[in-house]
Amino acid sequence: MTLEQMETSAWLNRAFYKDKKVRALRSLLERDRARAQGLTVNYGGVDKGRSDSRENGVEAAMQICAQTEKEHDTALCEYEAIRREVKAVINGLHDDVLEALLTYRYLEGLPMEEIAERMHYSYRHTIRLHKRALQLVSKQRTRNSGTSQD
């Protein structure tokens, strides 16, 4: 794979990796919510046997949940924007086979072996199609960046 193809592949992979971040933050948010729900409120003076450090535990847990939820929502918005951008470039190829291949690879994150199987092509032919698709995407991005600078 050429340097240009690797750069194009990395550009296309942005949606895949941002999706991984969103999923990780969603998992963290679920864990934070479960922890917050497991805490009980300690009303001042009622629970004499516990230390004061637990007094604001529910409030602290809710603040952590709010912060994690904010991070998740921000990452989700970024993912959606990147996905739209990548999908627009893929759709701009106007070749159903190459569009399907790139969608499987960069939006669904499938390995080449599975893509070849789904598309009923040999692995080697799928690799050749992938290289051709990357070249076309690279040309399209170059044209688009030249147009946007005018």
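This is a predicted model: local features need pLDDT of at least 70, side-chain atom pairs count only at pLDDT 80 or more; totals for chains, interfaces and linings use all residues.
1. Met6 belongs to helix H1, which spans residues 3-12. Its relative accessible area is 43%, so Met6 counts as partly exposed, given that the class runs between under 20% for buried and over 50% for exposed.

2. Next, the H3/H4 pair. Two packed helices are described by the angle between their axes and the distance between the axes. Helix H3 covers residues 57-91 and helix H4 covers residues 96-107; their axes come within 9 Å and cross at roughly 160°. That angle makes H3 roughly antiparallel to H4, because anything over 145 degrees goes in that class. As for handedness, H3 and H4 cross in a right-handed sense.

3. Stay with that pair and look at the loop between H3 and H4, where His94 sits. Its phi is near 55°, a positive value in a residue other than glycine. Most residues other than glycine have a negative phi, so this one is worth a glance. Is His94 buried or exposed? With 70% relative accessibility, His94 counts as exposed.

4. His120 is in the loop between helix H5 (112-119) and helix H6 (123-148). Phi of His120 is near 60°, again positive in a residue that isn't glycine. Its relative accessibility is 72%, so His120 counts as exposed.

Key: Residues are numbered from 1 along each chain as its sequence is written. Side-chain values use heavy atoms; hydrogens and water are left out. Helices (H or I, at least four residues) and strands (E, at least two) are DSSP runs, numbered from the N terminus. Buried means under 20% relative accessible area, exposed over 50%, partly exposed in between (1.4 Å probe, protein chains only). Axes are lines fitted to C-alpha atoms, for helices over the stretch in contact, and angles run from 0 to 180 degrees between N-to-C directions. Angles under 35 degrees count as roughly parallel, over 145 as roughly antiparallel, 65 to 115 as roughly perpendicular and the rest as oblique. A crossing is left-handed if the near helix is turned anticlockwise from the far one by less than a right angle, and right-handed if clockwise.
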